[in-house]
Amino acid sequence: MATERREATAREVLATDGRLNKDTVAARVDGVIYDLHTPIPADAKEVKPIGAGEPAALAIIRHSSAHVMADAVQRLFPGTKVAFGPATDDGFYYDYQRPGGSFTEDDLRAIEAKMLEIVESNHEFRREVVSREEARELLSAMDESFKLEHLERLEDPISLYRHGEWVDLCEGPHVPSTSFLKAFKLTTVAGAYWRGDERNPMLQRIYGTAFPSPKALRAHVKQLEEAKKSDHRKLGKE
């Protein structure tokens with residue numbers, strides 16, 4: 001009996017060619033970015049590794065950092081629901097509905113510390129393609145009402161991403177494991193309406209940023225501090 005051929009992952013293709021490096025976070029497959037653990041088309045012609053220091057890796061690192069932040073928040077503040085959590089030009093954010101209080105500066109530092117624990121646990125990011133009903137059952141069991149609403153707007157295929165026990169609806173891509181997240185910082189908290197509509201519930205948005213290395217993060221923080229000093233000097237003169 002013939003068995004169905006399994007499509008190779010980007011990791012397998014790069015490893016076979018001797019092009020898989022320790023800092024490879026993803027791959028560009030015929031111009032499309034895939035994570036290393038997701039099967040790629042069998043007829044792919046060009047598979048190029050993406051190193052952590054390359055510009056294309058930054059959004060992947062930040063997106064994965066957002067997932068780790070949300071994991072940390074829900075570990076520290078049970079009952080908190082999550083909404084959206086994308087990467088941005090400057091970093092990343094996630095929106096939350098936290099019962100019984102707002103996030104404080106001390107909370108941000110505690111979340112960072114919990115994120116570090118998750119990173120050091122070296123959990124793999126895993127992609128799962130599921131049916132709409134499977135996703136609905138999972139999100140219902142998790143009591144994630146915002147995700148359930150969002151699910152109904154998605155087109156097939158429906159994919160989930162897991163690291164450790166945490167899971168979210170997500171298209172990806174993500175870094176191979178949490179250990180690739182070497183430098184992150186949570187910056188501010190702001191209010192944000194669900195889907196940007198003032199008729200919807202007000203959520204709390206935690207902003208953060210992440211970089212491939214601590215050195216790059218320190219340079220970014222220094223740049224922000226210098227910009228603030230410049231603004232203060234300008235305001236003082238005016």
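What follows are my entries, one topic at a time.

**Ground rules**

I am working with a predicted model, where local features need pLDDT of at least 70, side-chain atom pairs count only at pLDDT 80 or more, and totals for chains, interfaces and linings use all residues. Residues are numbered from 1 along each chain as its sequence is written, and side-chain values use heavy atoms, with hydrogens and water left out.

**Entry 1**

Buried is under 20% relative accessible area, exposed is over 50%, and partly exposed is in between, with a 1.4 Å probe and protein chains only. This core holds 33 residues, and Met69, Tyr96, Ile111 and Ile206 touch the most other members. I noted that strand S1 (24–29), helix H2 (55–76), strand S5 (92–97), helix H3 (105–120), strand S9 (183–193) and S10 each put in at least two residues. H2 gives the most, with nine residues. Helices (H or I, at least four residues) and strands (E, at least two) are DSSP runs, numbered from the N terminus.

I then listed the contacts of methionine 69, contact being heavy atoms within 4.5 Å. Leaving out residues up to four places away in sequence, methionine 69 touches Phe92, Tyr93, Tyr94, Tyr96, Ile111, Met115, Leu186 and Ile206.

Threonine 209 sits in strand S10 (residues 202–211). Is threonine 209 buried or exposed? I put it down as buried, because its relative accessibility is 4%. Its side chain reaches the backbone oxygen of aspartate 90 at 2.8 Å. That is a polar contact: a pair of N or O atoms within 3.5 Å where, within protein, one must be able to donate a hydrogen and the other to accept it, and residues adjacent in sequence count only if both atoms are side-chain atoms. Beyond four places in sequence, the residues that threonine 209 touches include Arg62, Phe92, Phe184, Leu217 and His220.

I followed that last one. Histidine 220 is in helix H6, and at 17% relative accessible area histidine 220 is buried. With residues up to four places away not counted, histidine 220 touches Thr209 and Phe211.

**Entry 2: the largest pocket**

Rolling a probe the size of a water molecule over the atoms shows where empty space is left. My pockets come from a 1 Å grid over the protein atoms alone: a cavity is a set of points where a 1.4 Å probe fits but cannot get out, a pocket is an open set with protein on both sides within 12 Å along at least five of seven lines, and lining residues have an atom within 4 Å of a point. Grid points are joined across faces, edges and corners, and a volume is the space filled by probe spheres set on the points.

The largest pocket comes out at about 500 Å³. It has 28 lining residues, and the closest to its centre are Ser159, Leu169, Cys170, Glu171 and Gly172. S2 supplies the largest share of this lining, four residues. I sorted the lining into 15 nonpolar, seven polar and six charged residues, with Ala, Val, Leu, Ile, Met, Phe, Trp, Tyr, Cys and Pro as nonpolar, Asp, Glu, Lys and Arg as charged, and the others, Gly among them, as polar.

**Entry 3: the second largest pocket**

This one has a volume of about 270 Å³. Its lining has 15 residues, with Thr187, Thr188, Tyr207, Gly208 and Leu224 nearest its centre. S9 gives the most to the lining, four residues.

Where did I find cis peptide bonds? One joins aspartate 156 and proline 157, with omega about 0°, and proline 157 is in the loop between helix H5 (145–151) and strand S7 (158–163). Another joins glycine 172 and proline 173, also with omega about 0°; proline 173 is in the loop between strand S8 (166–169) and S9.

Aspartate 30 has phi near 50°, in the loop between S1 and strand S2 (32–35), and is partly exposed at 41%. Aspartate 143 has phi of about 60° and is partly exposed at 47%.

Note on methods:
A nonpolar core is a set of buried Ala, Val, Leu, Ile, Met, Phe, Trp, Tyr and Cys residues joined through side-chain atoms within 4.5 Å.
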